[in-house]
Amino acid sequence: MKRICCFAAVVALFATTWAAPLKVASPHEKITVSFDVVDGQPTYEVAYGDKQVIKPSHMGFDLAKADLPGSFDNMAVVRSGGNLSLKDGFVVKEVKNRKFNETWKPVWGEESEIVNNYNEMAVTLTQPEMQRTMVIRFRVYDDGVGFRYEFPQQQNLNYFVIKEERTQFAMTGDHTAWWLAGDYDTQEYEYTRSRLSEISKLFDASICGNASQEQFSKTGVQTSLQLKTDDGLYINLHEAALVDYPCMSLNLDEKTLTFESWLTPDAIGMKGFMQAPCHTPWRTIMVTDNACDVLASRLILNLNEPCKYKDTSWIKPVKYMGVWWEMINGKGSWAYTDALPSVQLHRTNYNKLAPSPKHSANTNNVVKYLDFASKHGFDQLLIEGWNIGWEDWANNSKDYVFDFVTPYPDFDIEYLNEYAHSKGMKLMMHHETSSSVRNYERHMEQAYQLMDKYGYNSVKSGYVGDIIPRGEHHYGQWCVNHYLYAVKQAAKHHIMVNAHEAVRPTGLCRTYPNLIGNESARGTEYQAFGGTQPGHTAILPFTRLQGGPMDYTPGIFEMDLSYAGNPSKVLSTIGGQLALYVTMYSPLQMAADLPENYEKHLDAFQFIKDVAVDWDKSVYLEAEPMEYITIARKAKGSDNWFMGSVAGKTAHDSQVKLDFLDEGRKYECIIYADAKDADYLKNPKAYTITKKTVTSKTVLKLRSVAGGGWAVSLRPL
């Protein structure tokens, strides 16, 4: 990641008094943050032009008295030391302001260059009673605000335990919100659209079953939270650079319409064990009057540190297929045998057990996938269920559940790697941990060494079920540290990581770009578990994707899953599935359906083959949360453009100007659209393919049916 332009000017104010409140505006003065200490309490507010966005809101922490064993008595005194409040009794000691402007190049992304331009104000606060110091640092961009708490090394605030972070976000009205139920372990829910005041009464209905879940409040919601005011402002609340700290949710006071931070607890109920010098993640507030600007914002990425790796040549975007969907929809199985109710690794002799005819990760089946994927130009093939232990892997709180290196008898790993390489492809490793995190760390190094041996360069990891160590949560400080540990260890082996069921991303892919994907939301798999309502893919780019790309696994062409003995239907059209390759940005894109289902629609499959996975430029043409999104993107190192548009629960008509194309050039335009009689329930496979010649002056008029969409490829003639 190369910085091509960097300028920073620093101004320190060392006067003994300050005008109250302190203010800092964005570079073009679109957004202003005001800060004050009111009756000893740090307080901030945010304005967009002349409109108030965040009313005066308090900041700070409650500390915990750590009742630790006797041998740690001295540490307990340091941690709890007298006054346990870090939210009052403060005075301003020092203020520093600076301006910063750089343009940096991501290793992969929605564009090849990103501008990082902000004005900063760092306020040093002291708590005279306790002789403690805390810094609150604000960075104000033209599209939003980031702020965090910093704790310099000091005698009276060295080791400390957070009972709760008390950061408030006081809303100016009963806004419309697109929200997920607050949960310590999953984001795999559908979004609910409602007024803030309606969250509690709709909360229970927003919950669906999951292998691991725990809610904390009927007014608790998760970030990234998308809001819209009645006068047309789009507000997004999230966090950036989540490192060594628990994930933040938000809890709403319905009387005052004020959100307050709510951190994920650990196994003993604490919210964070800290040692100065340290800092929290950034708390972010994006605000704009145009929905497209939310999609275009790089606020979260910009608040993360630059890339930690000197050499990034081994990090490559990937288009892949997988032996996956047939197990998800019930046609196949992960388990090798049905002969035993449970297995014990390296005690159970699989060679003496009858194999299940449904076991999908067998050599012959994988060869079939490899033949199809290589013929159509894919980079890699994911195989799930290749390794021993799948017979009793889930929901048993089993510690030694997988070893990540031993294949089933019907999976010839050496032959399949050689076969894949002979076809110009790689295999993608799968490490399902069943949330036995300590077991994964126990085996991680030898698992990565196996990948080195056979030439794997990417891994899909999974964290299904309750976390072991028992009592920890997916989004707590302990697991947050584990996910980053796995990414760092993988980098030592030049391995890219795609973690499923992990904590939702907060832009760390800028710092560690081998974190090439995450799930951390309700993906395509739920279409096989009863379906996901239209509109889901038109809200995810506003919310979950703000922190980083999602391995959504699109590209399902056969919507009726009865062929697999499954009564579910995929609630989408083929046109809508094609659009996702553009609207759901990811450098890791899967063609998720079975080869035989693609064989029936190779003309539509051509778009999946053609579409890029890395981009020089993205243009956000029209958008409204959960209703529609239309995006155009220019392929990295190419003059080819691709467009996609998805619709929610109602049809959408688009009139798209192609003025982003080079003036004076002609382009071949191939349009993959919903047919007039397409219907995501009754006729989902109805589509049309049209070819025409266009220029930058052309206006395309295209229609998406409810739950549908369209995709376009544009090549210079």
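Think of a cavity as a set of points, on a 1 Å grid over the protein atoms alone, where a 1.4 Å probe fits but cannot get out, with lining residues being those that have an atom within 4 Å of a point. Rolling a probe the size of a water molecule over the atoms shows where empty space is left. The model you're looking at is predicted, so local features need pLDDT of at least 70 and side-chain atom pairs count only at pLDDT 80 or more, while totals for chains, interfaces and linings use all residues. Residues are numbered from 1 along each chain as its sequence is written, and side-chain values use heavy atoms, leaving out hydrogens and water.

So what turns up? There are four cavities of 30 Å³ or more. Here a volume is the space filled by probe spheres set on the points, and grid points are joined across faces, edges and corners. The largest cavity holds about 370 Å³ of space. Its lining has 31 residues, and Glu110, Arg298, Leu301, Leu545 and Tyr585 lie nearest the centre. By class, 20 of the lining residues are nonpolar, six are polar and five are charged (Ala, Val, Leu, Ile, Met, Phe, Trp, Tyr, Cys and Pro count as nonpolar, Asp, Glu, Lys and Arg as charged, and the others, Gly among them, as polar).

Which helices and strands each supply at least two residues of that lining? They are helix H3 (291–296), helix H4 (299–302) and strand E32 (628–635), and H4 gives the largest share, three residues. Helices (H or I, at least four residues) and strands (E, at least two) are DSSP runs, numbered from the N terminus.

Now zoom in on glutamate 110, which sits in the loop between strand E8 (91–104) and strand E9 (114–127). Is glutamate 110 buried or exposed? With a relative accessible area of 15%, glutamate 110 is buried, a word that means under 20% (1.4 Å probe, protein chains only). Leaving aside neighbours within four places in sequence, glutamate 110 is in contact (heavy atoms within 4.5 Å) with several residues, including Arg298, Tyr585 and Lys617. Lysine 617 is 507 residues away in sequence, yet the two C-alphas are 6.2 Å apart in space.

The side chain of glutamate 110 also makes a polar contact of 2.7 Å with that of tyrosine 620 and another of 2.8 Å with that of arginine 633. A polar contact is a pair of N or O atoms within 3.5 Å; within protein, one must be able to donate a hydrogen and the other to accept it, and residues adjacent in sequence count only if both atoms are side-chain atoms.

Technical notes. 1 Å grid on protein atoms, 1.4 Å probe; cavity = no way out; pocket = protein on both sides within 12 Å on 5 of 7 lines; lining within 4 Å. Buried < 20%, exposed > 50% of the residue type's maximum accessible area, 1.4 Å probe, protein only.
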